[in-house]
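Visitor: I am new to this structure and would be grateful for a guided introduction. May we begin with one of its residues and then turn to the whole?

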Amino acid sequence: MLVDQLRRHGVDTIFTVPGEAFLPVLDALYDDPLIGTVSCRHEAGATIMAEAHARLRGEPGVALVARGPGATHASVGVHNAAESSTPLLLFVGQVPTGQRGRGAFQEVDIEALFAPLAKWAVEVERPEHLSEVTARAVRVARGGRAGPVVVSLPEDVLAEHVSVPDAPVAAPPTRPGPSPGELAELRSLLEGSHRPLVMVGGGAWDADAAGALTSWAERNHLPVAVSFRRQDFLDNRSHCYVGHSGVGVVASLADRILQADLIIAVGTRLSDTATRGYTLLEPPNPTQTLVHIHVDPDELGRVYKPTLGICAGIPETVAALAATPPLSGQRWRGWAAEARSDYEASLLAPPARGVVDFGEAMTYLDSRLPPDAILTNGAGNYTLWPQRYYRFKQYGTQLGPQSGAMGYAVPAAVAAKLRHPDVPVVAISGDGDFLMTGQELATAVQYDAPIIVLVVNNGMLATIRMHQERTFPGRPSSTDLDNPDFAAYARAFGAFGATIERTQDFPPAFEKALDARVPAVLDILVDPEAILPHSTLSEVRRQAQTG
């Protein structure tokens, strides 16, 4: 029944780590012609793959894991889906209903565990409820601000034989559009502005919405900044793109946000990552005139009180804006041109410490990869290099953890390559980040997903080291890493492996990795001093010591 209902709702792939509590589901998937099954090596990897699959497909991703440790491992992916506003369905095998509450083997209260993380967490207590619960789970995951739903499946419920009618297939979510009055007020605020800035983010975007944003912004010469790891919402080569306002925002863009007289926030929650810890806009009443557009009414006024708050769907809003006539006056053209010039200047990477310049590697990828190439990343200082020096050119080409979870890059890359087998997929990991989920390299090999993993190897947890040097200069603690030979590690899986010790070694090694047509790992040995694109570790320490 469960597999049948998922098929009726258009599910095409389930990512799983098999467990004995849901053997009937695995058996039902055995000969299902429409739903593929990907067996992963860790439940965090499975839920990350399902979340990435959902982002690329625009429909709920599905993961299936066991109770107890399986569920707790999977919580990493559930939390990220909540932070990234991604529709995710996590099904968890549970102990039989007759054993609930006795502390049975691996028993965890799934509803209580996931209540703070998911939009809805529920246990199916009777088999005849499974169809309607599945339909509601899909509806809740997709509706409003999209997010994760967790469904607990007791072992005995799955084993029952029942005959019940199908619940209606969940209809696509309906979202309000902006009213004519709201569009007129927004237009009036823009026409009175001298220094407007559009900030975009959130999870409810698609390729059409990205195209509508481009049309509206370019026709009106509006500068657009994207939020944390949403750089693929607007072609970075557009004259309207002025950079990202997430972690590692360049100083010129931060100053421009502060100097703007009008901020139009579309889809973004204006979280701490998008506002440099709530300092670029001052809560609750920012000095800038604020137009905040979000599908969730609870987000409007939650942190910032907007001058104009519009509760509307993002695709509906940008489509409506794209259909409006060009704005008159456009007194901000010089302001917008300066913002674009600042962004272009930020693409010039300063020389890096050491014999491997990772900035040059990113510049090479920017010129080498096609516009539809997909880049994934985990969490760490190394992500600042692709965020700054690689230009994302097409919607759906950037996958990164909104939650800041390490270990995201490899599983997300596997899901991306399975979804788009003819598109180059590059995962960028730190050395600490890679070993969080590096075992999913086995999944890539097993399912013929030739991803290319770049391991930025500096022998430490660089982000934490940076914060240590800023807070307790000269007293590093617990952040050194004694790493294996990552190239040999890759070859042990049947993948391609190479070690990069000089900048000039990167292009030929990358080409060999592409030609290998198997998963590949390039172990890039970077100098620990290259802690930030614009600063060394020693400079961070000296600044902290001198105050």
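This is a predicted model: local features need pLDDT of at least 70, side-chain atom pairs count only at pLDDT 80 or more; totals for chains, interfaces and linings use all residues.

Visitor: With which residue does the side chain of Glu338 meet in a salt bridge?

Guide: A salt bridge requires a side-chain nitrogen of Lys or Arg within 4 Å of a carboxyl oxygen of Asp or Glu. For Glu338, the N to O distance in the pair is 4.0 Å. The partner is Arg256.

Visitor: How many residues apart are Glu338 and Arg256 in the chain?

Guide: Glu338 belongs to helix α12, while Arg256 belongs to helix α10, which covers residues 251–259. The pair thus links distant parts of the chain, and the separation is 82 residues.

Visitor: Is Arg256 buried or exposed?

Guide: The cut-off for a buried residue is a relative accessible area under 20%. Arg256 has a relative accessibility of 8%, and therefore counts as buried.

Visitor: Which helix holds Trp335, and is Trp335 buried or exposed?

Guide: Trp335 is found in helix α12, which spans residues 333–346. Because its relative accessibility is 8%, Trp335 counts as buried.

Visitor: Which residues does Trp335 touch, leaving aside those up to four places away in sequence?

Guide: Arg256, the salt-bridge partner of Glu338, is one of the residues that Trp335 touches.

Visitor: How far apart in space are Trp335 and Glu191?

Guide: In sequence, Trp335 and Glu191 are separated by 144 residues. From C-alpha to C-alpha, their distance in space is 14 Å.

Visitor: Which residue forms a salt bridge with Glu511, and how many residues separate the two in sequence?

Guide: The side chain of Glu511 meets that of Arg368, with 2.7 Å from N to O. Glu511 lies in helix α20 (residues 506–516) and Arg368 in helix α13 (residues 358–368), so the pair ties together parts whose separation in sequence is 143 residues.

Visitor: What are the relative accessible areas of Glu511 and Arg368?

Guide: Both residues are partly exposed. The value for Glu511 is 22%, and that for Arg368 is 33%.

Visitor: Which residue pairs with Asp12 in a salt bridge?

Guide: The N to O distance is 3.2 Å, and the partner of Asp12 is Arg57. Asp12 sits in the loop between α1 (2–8) and β1 (13–16), 45 residues from its partner in helix α3 (residues 43–57).

Visitor: How many salt bridges does a search of the whole structure find?

Guide: Side chains of opposite charge can pair when their charged atoms come close. The protein has 45 positive and 61 negative charges, whose mean positions are 5 Å apart. The number of salt bridges found in the whole structure is 27.

Visitor: What is the radius of gyration of the protein, and why does it agree with a compact globule?

Guide: The C-alpha atoms fill a box of roughly 70 × 60 × 45 Å along the principal axes. A compact globule with 547 residues would have a radius of gyration near 24 Å, so the protein agrees with its value of 24 Å.

Visitor: What percentage of the residues is buried?

Guide: The protein contains 21 helices and 18 strands. Of its 547 residues, the buried share is 55%.

Methods:
Residues are numbered from 1 along each chain as its sequence is written. Side-chain values use heavy atoms; hydrogens and water are left out. Helices (H or I, at least four residues) and strands (E, at least two) are DSSP runs, numbered from the N terminus. The radius of gyration is taken over C-alpha atoms; the globule rule is 2.2 Å times the number of residues to the power 0.38. Buried means under 20% relative accessible area, exposed over 50%, partly exposed in between (1.4 Å probe, protein chains only). Lys and Arg count as positive and Asp and Glu as negative; His and the chain ends are not counted. The place of a charge is taken as NZ of Lys, CZ of Arg, CG of Asp or CD of Glu. Contact means heavy atoms within 4.5 Å.
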